[in-house]
Amino acid sequence: MRPVHIALAVLVTALWGVNFVVIEVGLDHFPPLLFCALRFLVAALPAVFLVGPPRVAWRWILGVGLALGVAKFGLLFIGMHEGMPAGLSSLVLQIQAVFTALFATVVLAERPGRRRLLGMGVALAGIAVAAVDEGTSGPLLGFVLVVAAAAFWGVSNVLTRKAAPPDALNFMVWVSLVPVLPLLALSLVFEGARPDVEALSRLDWAGLGAIVYVAWVTTVFGFGIWGFLLRTYDASAVAPFSLLVPVFGMSSAALVLGEGISAPRWLAAALLVGGVALTSLPAGRLSRTRLGARRHPELRPRRRAAAADAPGPGPAAPGELAPADTTASRTPKPASRPSPRG
C-alpha cells in the first residue's frame, strides 16, 4: 500500500476507535434508541439524494438495515447505556468476525479451515475472560447486549456478502435510511415520548457534535474512505488495519473517560485480537503465492483462482458498518489503474 493510503487506513481506524468515546457523550444527552435513530437519520440525509439510486435489490438493503442498524447498533447503544465501558465495547465487538465465520459456514456453506477454527477458539476464550472480569467488576447485562450486537453484525456481514454491492458508500447510505423509523418507533414504545422530547429540547453543542461525529465522520467519511481502500487494494491488505480499532478505542477511553484496564482485560484483549487475526486474516501461504507470482509472472494465478484463496470476512470497525467480504463486492479495476492492495 502507498504510504498515504496506509495513513488513511490508520486515520479511519482511529476515528472508529474514538467513536466509542463519542457514543458515551451522546448517551449522556439522548436515550440510546433515539440517539441511534438520529445517528442514521443524519447519516442518510441529505446523502441519499447525492449518491444515486440503490445499486442492489431492496431486500438486501432492508435486511442489512434491520440487522445492522436496528439490532446491532440498537443493542450496542443500549448495552453501553447499561454500563458497558466504551473501551471494552470496542474490543468485544471484534467477536463479530467469529460470528460472521460461523454464519457463513451455515448460510454460505463455507468450510472453515483449521487455522480459522483455532482462531475462533482463541477469540471465544478472550470473550470468556472478559465476561468473567466484567461480571465481577461491572454490569453483566451490558456485556451480554454488546455480544448480541456483535452477533447481529455477523448476520449483516453475511447479508452484505450475498448482496455484493458494487458501490460500498451508496449501499451504506441507503442502508442508513432503513433503521430510522423502526428505531424511532422503538424509542417511543420503550423510552417514551417525554424523555425523547426533553432530550431534543435540551440539545446543545456537545449533543449535536456527538450526532455529527457518529453520523458523518465515522459513517459517511470513514466508510467512504474504507470503501475506497477496499476498491484499490485486496481485502487481505486493508482488513488487518481494523484490528487497530480496539487499540484506539481502549486507549482513548482510558485517556478521555478515565477507564481502567485491568490485567484480565489485557489478557482478554490479547486473546480476542489474536483470535480475530487468525480467523480473519489470510494464510501465510497466500502471501508466499503472491510473492512467487511477482518473481515468476508465468506462475501468476488467474483472478478467479486468487479470489478462491482470499480470506473470509475480515474484521470490521466496531463502531461502524462492516466491510464484509470485499472479494465479492469490489468493482473490477480499470486496466489503466495501477494494481496494489498488498
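Ala164 counts as partly exposed in this predicted model, because its relative accessibility is 26%, and the band for that label lies between 20% and 50%. This alanine sits in the loop that links helix 7 to helix 8 (168-177). Its backbone also deserves a look: Ala164 has a positive phi of about 50° although it is not a glycine. As a rule, most residues other than glycine have a negative phi, and most peptide bonds are trans.

The peptide bond that runs from Leu45 to Pro46 is cis, and its omega is near 5°. Pro46 belongs to the loop between helix 2 (32-44) and helix 3.

The axes of helix 3 (residues 58-81) and helix 7 (residues 140-163) come within 8 Å of each other, crossing at roughly 165°. Helix 3 is therefore roughly antiparallel to helix 7, since an angle over 145° falls in that class. The crossing of these two helices is left-handed. In the contact of helix 3 with helix 7, 17 residues are nonpolar, five are polar and two are charged.

In soluble globular proteins, nonpolar side chains tend to be buried together.

Note on methods
Residues are numbered from 1 along each chain as its sequence is written. This is a predicted model: local features need pLDDT of at least 70, side-chain atom pairs count only at pLDDT 80 or more; totals for chains, interfaces and linings use all residues. Side-chain values use heavy atoms; hydrogens and water are left out. Axes are lines fitted to C-alpha atoms, for helices over the stretch in contact, and angles run from 0 to 180 degrees between N-to-C directions. Helices (H or I, at least four residues) and strands (E, at least two) are DSSP runs, numbered from the N terminus. Angles under 35 degrees count as roughly parallel, over 145 as roughly antiparallel, 65 to 115 as roughly perpendicular and the rest as oblique. A crossing is left-handed if the near helix is turned anticlockwise from the far one by less than a right angle, and right-handed if clockwise. Ala, Val, Leu, Ile, Met, Phe, Trp, Tyr, Cys and Pro count as nonpolar, Asp, Glu, Lys and Arg as charged, and the others, Gly among them, as polar. Buried means under 20% relative accessible area, exposed over 50%, partly exposed in between (1.4 Å probe, protein chains only).
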